[in-house]
Structure formats: structure tokens, C-alpha cells
Amino acid sequence: MTEEKREVVFDDGRIESIEEFQSPETLYEELIARVRKYHPSDDISLIEKAYKTAYEAHRDQVRKSGEPYIIHPLCVAIILADLELDKETIVAGLLHDVVEDTIMTDEEISQQFGADVALLVDGVTKLEKLSFHGEHGGYDKDAEKLERQAENLRKMFLAMAKDIRVILIKLADRLHNMRTLQHMRPEKQQEIARETLDIYSPIAQRLGISKIKVELDDLSLKYLEPEAYYDLVDKIAVRKSVREKYIQAIVDEVSEHIQNAGIKAQIDGRIKHFFSIYKKMKNQNKTIDQIYDLFAVRIIVDTVKDCYAALGVIHEMYKPIPGRFKDYIAMPKANMYQSLHTTLIGSSGQPFEIQIRTYEMHKAAEYGIAAHWKYKEASDGKKVETQEEEKLVWLRQILEWQQTAEDNQEFMKLLKSDLNLFSDNVYCFTPTGDVKNLPAGSTPIDFAYSIHSAVGNKMIGARVNGKLVTIDYEIKNGDRVEIMTSQNSKGPSRDWLNIVKSTQAKNKINQWFKNELKEDNIVKGREMVQAYCKAKSIHMPNVFIPQYEEAVMKKYGFHDWDSVLAAIGHGGLKEGQIVNRMQELYDQDHKHEMSDAEIMAEIEESAQQNRGKEKKNTSGIVVKGVHDVAVRFSKCCNPVPGDEIVGFVTRGRGISIHRTDCVNVLNLPEIDRHRMIDAEWEHTEEADSKYFAEISIYANNRNGLLADISRALTEKGIDIMALNTRTSKQGTATMSVSFEIRSREELQRIIDKIRTIESVIDIERTTG
């Protein structure tokens, strides 16, 4: 299948419509034909052996579409062959599911196909087990699940570091799965498409593989926004013949002038891919009729000199739009993409884009890191690896973050920030003329840390184009930046974190503070843990033992226990998170089913504790007929008078009261269900007793929204104890509000009052 043929099928429903009905034999023949197009050796015995092995291993397996499972690894191998990868990668692509789905072992693969192939298959098998979405669809949002996501991403980048071909196989695997996603149930389609758009597409972009990135984007759009996708397909198809005629006219016109100038070139035109059009429509709030630069004409020439010569010819032919020319040849993108981009006004007055590049640049743009992951036959018959190190700068930076980030949450924050940094960049110069590529809006601080952390830490000022500037000055394209340093500098200021734009600078500033104040933070963290244990009556020698500490360090991605304490000390972790986790581990190791006698003993002990106090507990709870029992109201669901409640007998920590709809109660293991006991509100509670409540408010963001909600609570005589608000890119505000109330009825009146406020969409209570 040629690339042109794939693009035609792509617009009408993708390549799966062809691949589904091809036999394994036909696909295998196509794979060999593609490999022979670019690989100098005629020896395909290893690939043939891998095909036969995979065929036998998957003989009795079928995909959800009903087709033989072997179709999938064959299609993955064809995608890898399209990237012109070496035979070992093709073989690993054919075998990538045999360990996971069959009885074949890593040792058998190593014996039959060599250690290189075994390493690749093992790396991909481990990636197969990683999941970046929640258990019930969508992305995990709570802290524990975020930790799991971060840990999975760490494993992915470590696998990439061992051999970048692992992620290339995984990208090919994901691409074929996306091409055949119609056979999955709708909620699974959404999960996989979201994960693809958030994780795999940005990685393909970072590795410069636009050939895969573009298709992943469009297929993700197809399942995440099907109405928008098919509406776009229909609207582009309506005037397809007119557009093609217009593009061809430009191509013919450009070809004539380029030829007359004596420049040898390949020229073609295309409509930009759906996802880029969709993003432009959404970001600029325009219809497709208002997006004029839907077209791009590509000119591919032999040399860099020819690129600039062709640009001169084009600018003589058409009027360029000011500010729309970008020279990515002199200043490549972060993923080493090179090309000249210019937007022009056609003879009909319609704008269009022209990209000019060499054949080598075009191959690098399409294949990215894969274009350089080639093997040449050396004179002695051994294989010699050749690649461009610049392509792996991003990966090396991530590996550095993994070492310096104190915990998984920090690593996840850095990574997500970096994966989303696909906004425009600025290109500036050092005093010696070296080019620096920084995120748009970067400051001299970002520039300093891009040179070296020591330069940033000792920075006292900056000059731009020979003039002194403030440290929050926004660097512009072409600026020449000079950093002034001093050995007497006391280091960065925390205010810098609010100024810098680059993830690299934020990471290095945070790292400086953690290293400088680590001893103080360790002491503070230890004191916070001790205070928490004392408040919760937790016997520290029981839970603070090496095996539990090791489990916590592994869970949160720390190298030693002092780093855990330091993270608690500077606020990166909550002491309750750590202590409760260790208590859980202790409880699991000492778990046995509580007898009825033990349960009653806990109730009686709680009652005795309460009777011994000068002032009785005013919780107003009756547990299994016993009044005045000392209880704890669970913070996961915050019950208030009027709620249906249930008690849960803990070991040595009394009785906790939950709402009956609390997710922790609903998900309680079967072995612990008998520890739930009847509990009810006593009707003689004191009138002035107050109870903690928490609600989440969802609203369309607008000016004055927070003030209106605060006013509504104040009018009801409510003191706000805590308020947290965040706004999504779509403009939806989520507010978590905590306060004290006397009853469920009072809470309902407050909720009803807030619902009347303009822009409020929904309100719900915390349920676990």
C-alpha cells in the first residue's frame, strides 16, 4: 500500500477496511516486500522464523473483530517496516505479544532469536501491562491513582532509555489498535483514545515521528469527538473536487516557477489533517469556512541552499503574510524538525502555507528518531548502530527528572507540563551566538537554567541586546541574552517559580531548595510524623519497621527514608498518607477476623473512655443501643445529623462513623463486613453541636462567581473553613468548599441557595 493510497482510505474510514479482509499470508508477503525495499540484505530467514513462531503461538486466538490474532502482529511489523527499521525490530514486532498471550518464555525467545530481540520483546511486554487511565474510564484523579500513573510513566521512560526501539514498537502497536478500535465497546474506545492523545501522541511528537503522530491524533478525535470528526469529514468532502483543483493549480504554478529558476524539486499539495483543523477551529472559535489556510504545499529539494533559493522564488510569486514566516532550518524545533514555513496569499485571495525542506529533512520529519535508528553492515559483518544524539535530548532530560524528582507526584507534574509544551517557542542567542530554543513567554531565568543549573543558581541579573532588563522580561525571537552571575549570590528566590515558563527551570529551582533545606525538612518531617502518630494513638515501633518503610519508598518513588521525611517536611507529602499506609501494611500482616466478643469489647472500651471524661462527647451517636460512645466521624464522607449512618469497629482506634453511601463502606472487603454495626443519631443532641461538611460545586466560570458563592454562604451564617477552586481549559470551574453545619436539613438549604446562583451547573457532597 502506498502512502497516497493510505491517505485516501484514511479520509473515508481508515486503513482497517483494507487490512481486515487480508489473509495472514498476503500480509506477510507485503511485509517482506516492504522490508526488501530498504534493507540491503536479502536474508529474511529471521523474519520468516518469527512469523512462523508467532503464527503457531497465536493459532487458536482471535481478535474482537473475529479475525485471526496473527493479523495484529503482522500489521504492527508492517508499520515498523514503513519506518524502515532494522530486522531485529521487525522480528520483535511480530513476537511482541507471544510472552504475554502464550506459553512462550523470554528464555526461549533469547535462544531462538538472540538477546537483542528478547530485550525488545521483554520491554514491550512490560509496557503492555501499564495503564494510564482510571479503572472506570477517564483519567485517575485521586492521589493514589496519580501515583500509579506516575510509576507507570517512569517504567515506560526507563524502557525507552534501555532501547528506544521499545517505544517505536509500542507506538506501532498502539497505531494498529487505534485503526481497529471500532470493534471495542464505546467506553473502552474513549479510554484508549484519551490515553493515546495524552500519552502516546505527544511521545511520537517528541520523537519527531509525524507519520505516526498525525494518524494517532486523527483517530483519537474520531472516537473522542465523533460528531465533530464526521462533521469535518463531510464538510471537507463537500467541496473536495474544487479544493483539489485549487491545490493542483497552485502546485502547477509553483512547479513552473521553480523549474524556470533551475531548481530541481518535488512539489505536492495536501489538505491539513483533521485534528489540526479541529484544534484551530476550537482555539480560534471559528467554523471551517472561516479557516482559510486549510492547504499546505510542500517543496522538497536537494540542498539547504536550494531551500532558501526556492523561498525567494515563492516570495516573488505570492505576497507573504507578515509574521507567518518561520525558519526551522536555522533554528530547529525541540524534536529536531527542520523546514521553512511561510503563509502566502494566493491569486484568488485565499491564504495557503508552503513548507520547503530537503529530502533528508523530509525523512526526518516523517520518521523522526526512526530515521536515524538504522544499522549498516560493517566490513567485518557486524552491525554498527548510527543515530543522532540530539533526538534523544528530551529522553535524557526526563531520565534526569526521574533521578532528581523527590516523589512521583512531582515527576508527574513536570512530565505533564512538558508533554503539553507544544505552544510556540522562542529562539534566542547566547553572547557567543549559540541558539537556545525556549517555551514562549520564557524569561532570563529560563535562559540561565537552560545553560546550566549553576548559572541559574548564581544569577543576579541579565542583559538583552546589550541593555539591562528585569528578570521577568519576556524573551523575544532573535534576542541576544547575557546572564550576570555572582559567587556571592544566595541562590534562587521562591518567587522565581511564579515567573519561569520552562519545566526544566522549575525543576532545577525546586531541586535547589530541597537540597539546601533538606536537613531542616528531615527534622520537621520526623516531628510531623511523631505528632500524627501521637494524635491517632498509633504505636510507632509497630509500624515503623524497615519492610514497611521500603514499601512506602517504592510506592512513592523515593531512594531513602530521609527523602520521605524531607518531602513531608517541605509539604510534598502529607504525614497522614505515609503513616496510614504503614498502618494498613501492619493491619494486613496482623489481620484476623474480629470475633463478636472483640467487637463488643471495642464498643464498651469506647463508652468507658467517654464516661471518664469531665465533659461527655456531644457527638449524639447511639451505637448498637449504647449511648455516649466515643466515636470518630470519618473524613472520607463527613456524616451530619439526618444522614443514614453506620459504624465500623477499628482495631484499637475506636469506632468510626460513615454515611451508608460512602464508597469506602460500599467497597469494604467481605472479611470486614461483620465489623459494621448499627448506628443512629440521638435526638437529644445539643442544639449548638456542629459537624464538618464538604461539597463540590461545578459551574461555568465567570467574573464574580466566587464572590456570589461566598455571599450566599455568609447570608446563611456559614463560616467557610476551606475553599479550593480550579478551572478547566473548557471553562468549567470546580470548587471544593468545607464548613460546619448543624444538620442535613441545614446543608440542603445551603445547597438549594447555591443552586440558584447564575452559572452553577451541579453540586454534590463528598462521598469518599
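Strand 14 and strand 18 (residues 676-681) run antiparallel and are joined by three bridges. If you look at V622, you will find E680 of strand 18 standing opposite. This is a predicted model, so the positions described here come from a prediction.

**The sheet around these strands**

**The chain as a whole**

Stepping back, you can count 32 helices and 22 strands in the chain. Of its 768 residues, 48% are buried. Now take the contacts in the chain with a separation of 6 or more: residues 24 or more positions apart account for 66% of them.

**Nonpolar cores**

The largest nonpolar core has 101 residues, and L31 and V254 are those with the most contacts inside it. Helix 5 (residues 71-82) gives the most to this core, contributing nine residues. Apart from this core lies another one of 33 residues, including L705, A733, V737 and I754. What does L31 touch, not counting residues up to four places away in sequence? Its list is I47, L74, A77, I78, A81, I90 and L94.

**Aromatic pairs**

A pair of aromatic rings is described by the distance of the centres and the angle of the planes. The count for this model comes to ten aromatic pairs. Two of them are set out here.

| Pair | Centre to centre | Angle between planes | Kind |
|---|---|---|---|
| Y229 and F274 | 5.5 Å | 85° | edge-to-face |
| Y318 and F352 | 5.2 Å | 90° | edge-to-face |

The pair of Y229 and F274 links distant parts of the chain. Y229 is in helix 14 (residues 226-238) and F274 in helix 16 (residues 274-284), 45 residues apart. Are Y229 and F274 buried or exposed? Both Y229 and F274 are buried.

In the other pair, Y318 lies in the loop between helix 17 (304-317) and strand 3 (319-320), while F352 is in strand 6 (residues 351-358), so the pair ties together parts that are 34 residues apart in sequence. Y318 has a relative accessible area of 6%, so Y318 is buried. F352 is buried as well, with a relative accessible area of 0%.

Ring pairs also link Y28, Y51 and Y55 into a cluster. A ring can have a charged neighbour too: K49 lies over the face of F113, at 5.2 Å from the ring centre.

**A look at S442**

Finally, find S442 in the loop between strand 10 (435-439) and helix 21 (444-451). With a relative accessible area of 0%, S442 is buried. What is S442 in contact with, leaving aside its neighbours within four places in sequence? The residues are Y473, E474, I475 and K501. S442 and A505 are 63 residues apart in sequence, and their C-alpha atoms are 10.0 Å apart in space.

Methods:
Residues numbered from 1 in each chain as written. Predicted model: local features only at pLDDT ≥ 70, side-chain atom pairs only at ≥ 80, totals over all residues. Heavy atoms only, no water. Core = buried A, V, L, I, M, F, W, Y, C linked by side-chain atoms within 4.5 Å. Buried < 20%, exposed > 50% of the residue type's maximum accessible area, 1.4 Å probe, protein only. Helix = DSSP H or I, 4+ residues; strand = E, 2+ residues; numbered from the N terminus. Contact = heavy atoms within 4.5 Å. Phe/Tyr/Trp six-rings, centres within 6.5 Å; stacked < 30°, edge-to-face > 60°. Lys NZ or Arg CZ within 6 Å of the ring centre and 35° of its normal. Pairing = 2+ DSSP bridges.
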